[in-house]
Amino acid sequence: MKQANDSRRRELAKIHIAAKALGMDDDAYRDMLWAVARVRSAADLDNAGRQRVLDHVKACGFKAARGSAHPG
């Protein structure tokens, strides 16, 4: 269970980093979450929803940094 929680935290952090990197303000961010996964908060995303959002931000041009301090 700890591994699943760690993965969830990493994915949520990546979503928030992506939103900031893409220049989304809070309204745009929440609109994107609604359009992609039908939630208004990333905390409400299930695993499939997190993957859809990550796929979406990558399609929008977000590139995750390689060699992060938290290998995974």
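## Helix α1: span

How far apart are the end C-alpha atoms of α1, and what span should its 20 residues give at 1.5 Å a residue? In this predicted model, the end C-alpha atoms are 28 Å apart.

Five residues of α1 are buried: Glu11, Leu12, Ile15, Ala18 and Ala19. They cover an arc of only 125° around the axis, so they sit on the same side of the helix. That buried set packs against α2 and α3. The other side of α1 carries exposed residues, namely Lys2, Gln3, Ile17, Lys20 and Ala21.

After α1 comes Gly23. Its phi is positive, near 75°.

## Glu11

Glu11 belongs to helix α1. Its relative accessible area is 12%. The cut-off for buried is under 20%, so Glu11 counts as buried. Leaving out residues up to four places away in sequence, Glu11 touches Asn47, Arg50, Gln51 and Leu54.

## Ile15 and the core

The largest nonpolar core has 15 residues. Those that touch the most other members are Ile15, Tyr29, Met32, Leu33, Ala42, Leu45 and Val53. Two or more core residues come from each of α1 (2-21), α2 (26-37) and α3 (47-59). In soluble globular proteins, nonpolar side chains tend to be buried together.

Ile15 is one of the buried residues of α1. Beyond its neighbours within four places in sequence, Ile15 contacts Tyr29, Leu45, Arg50, Val53 and Leu54. Arg50 and Leu54 are also among the residues that Glu11 touches.

Definitions and conventions
Residues are numbered from 1 along each chain as its sequence is written. This is a predicted model: local features need pLDDT of at least 70, side-chain atom pairs count only at pLDDT 80 or more; totals for chains, interfaces and linings use all residues. Side-chain values use heavy atoms; hydrogens and water are left out. A nonpolar core is a set of buried Ala, Val, Leu, Ile, Met, Phe, Trp, Tyr and Cys residues joined through side-chain atoms within 4.5 Å. Buried means under 20% relative accessible area, exposed over 50%, partly exposed in between (1.4 Å probe, protein chains only). Helices (H or I, at least four residues) and strands (E, at least two) are DSSP runs, numbered from the N terminus. Contact means heavy atoms within 4.5 Å. The expected span of a helix is 1.5 Å times one less than its number of residues. The arc is that of the directions from the helix axis to the C-beta atoms.
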